[in-house]
Amino acid sequence: MLAPLRKPRIETERMVLRLPQHSDYRDWTALREGSARFLQPWEPEWARDHLSRRSFTNRVQWASRSFGQGAALALFLTRKSDGVLLGALTLDNIRRGPAQTGTLGYWIGQPHARQGYMREAIVAVAHHAFARLDLSRLEAACLEENVASRGLLERSGFKYEGVAQSYLQIAGRWRNHVLYAMLRSDRRGRA
C-alpha cells in the first residue's frame, strides 16, 4: 500500500505557502471581494457563485486531488508573522515524460500588492519545481498591457518568449498574452 503524500509546505523569509483549507473560506472571500476591482481586469470572468462556499469547497477539493495526482500544486500565500492570507499561486498543467514542465498562475490581494510577496513566492515555487518536482521548464503568461505582471516575471527570472494570440478569455473576451518561461538550466542570459 502506498503511503499518503505529505502535504506541501514551502517556507520563505516572510511566508508559508500551503494547500488551501476549508477554514480559509472567510479570509479568501474577504480578500477576493475586497480586491475584485483590482483583480478582475486580469482574470477570467468570475462565475456568479465565484465567492460562494460551494465554489470554495470545490477549489479546496481540486487542489488536494490535483496535488495527489501530481497534476498541479495550488498554494495559498500566508504571512508568517500573523497568518494573513495574501494571495495564491498555482503550478498547473504539470506534464511529465519528455516535457517536464508546468504553467504558473498567480494573484495577490490589493492590500498586499507591490510589497515583494509574489516575487518571493515565485522564486520559492520555482526552486521547489526544479529541485523537488524535477521539472525542467516553467511557463507563465499575462496580458500584454499588464506591466506589473510582466515586470514581476522578468524580475523573478522568467524570459520573454513571444505572443500567443487569443490565449485566454479575460473579462469575457479572448485576449492575446505574452509568454514567458524559466528553465532549470538557462543559458539565455538575463530577461
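**Close-up 1. Strand E5 and the largest pocket.** Strand E5 (residues 101–108) supplies the largest share of the lining of the largest pocket, at 6 residues. Helices (H or I, at least four residues) and strands (E, at least two) are DSSP runs, numbered from the N terminus. Welcome to a predicted model, in which local features need pLDDT of at least 70 and side-chain atom pairs count only at pLDDT 80 or more, while totals for chains, interfaces and linings use all residues. Residues are numbered from 1 along each chain as its sequence is written, and side-chain values use heavy atoms, with hydrogens and water left out. The space in the largest pocket comes to about 1,500 Å³. A pocket is found on a 1 Å grid over the protein atoms alone, as an open set of points where a 1.4 Å probe fits, with protein on both sides within 12 Å along at least five of seven lines; lining residues have an atom within 4 Å of a point. Grid points are joined across faces, edges and corners, and the volume is the space filled by probe spheres set on them. Which residues lie nearest the centre of the largest pocket? They are Glu43, Ala88, Gly105, Tyr106 and Trp107, out of 50 lining residues. By type, the lining of this pocket holds 31 nonpolar, 11 polar and 8 charged residues. Here Ala, Val, Leu, Ile, Met, Phe, Trp, Tyr, Cys and Pro count as nonpolar, Asp, Glu, Lys and Arg as charged, and the others, Gly among them, as polar.

**Close-up 2. The second largest pocket, with helix H3 in its lining.** About 340 Å³ of space lies in the second largest pocket. Its lining has 17 residues, and Arg6, Pro8, Phe67, His128 and Leu133 lie nearest the centre. Strand E1 (9–11) and helix H3 (53–69) are the elements that give two or more residues to this lining. H3 gives the most, with 3 residues. The lining divides into 8 nonpolar, 4 polar and 5 charged residues.

Close-up 3. The whole structure holds 4 aromatic pairs. Rings of Phe, Tyr and Trp (its six-membered ring) pair if their centres lie within 6.5 Å; planes under 30 degrees apart count as stacked, over 60 as edge-to-face and the rest as tilted. For Trp28 and Phe56, the ring centres are 5.1 Å apart and the planes stand at 40°, so this pair is tilted. Trp28 belongs to helix H1 (residues 25–34) and Phe56 to helix H3, so the contact ties together parts 28 residues apart in sequence. The cut-offs are under 20% relative accessible area for buried, over 50% for exposed and in between for partly exposed (1.4 Å probe, protein chains only). Both residues also belong to one aromatic cluster, formed by Tyr25, Trp28, Phe56 and Phe76.

**Close-up 4. Tyr160 and Tyr180, an edge-to-face pair.** The ring centres of Tyr160 and Tyr180 lie 5.9 Å apart with planes at 75°, so the pair is edge-to-face. Tyr160 sits in strand E7 (residues 159–170) and Tyr180 in strand E8 (residues 173–183), 20 residues apart. Tyr160 is partly exposed, at 45% relative accessibility, whereas Tyr180 is buried, at 1%.

**Close-up 5. Two arginines over aromatic rings.** The charged end of Arg14 sits over the ring of Tyr117, 4.1 Å from its centre. Arg32 lies over the face of Trp107, 4.6 Å from the ring centre. The rule asks for NZ of Lys or CZ of Arg within 6 Å of the ring centre and within 35 degrees of the ring normal.

Close-up 6. Lys80 meets Glu11 at 3.3 Å, N to O. This bridge links distant parts of the chain, as Lys80 is in the loop between strand E3 (73–79) and strand E4 (85–95), and Glu11 is in strand E1, 69 residues apart. Lys80 is partly exposed, at 39%, and Glu11 is partly exposed, at 46%. Arg18 and Asp24 form a salt bridge at 2.8 Å, N to O; Arg18 is buried at 16%, and Asp24 is buried at 7%.

**Close-up 7. Arg137, Glu161 and their network.** Arg137 and Glu161 meet in a salt bridge of 2.5 Å, N to O. Arg137 lies in strand E6 (residues 137–143) and Glu161 in strand E7, so the pair ties together parts 24 residues apart in sequence. Salt bridges with shared partners join Arg95, Arg137, Glu139 and Glu161 into one network.

Key. A salt bridge is a side-chain nitrogen of Lys or Arg within 4 Å of a carboxyl oxygen of Asp or Glu.
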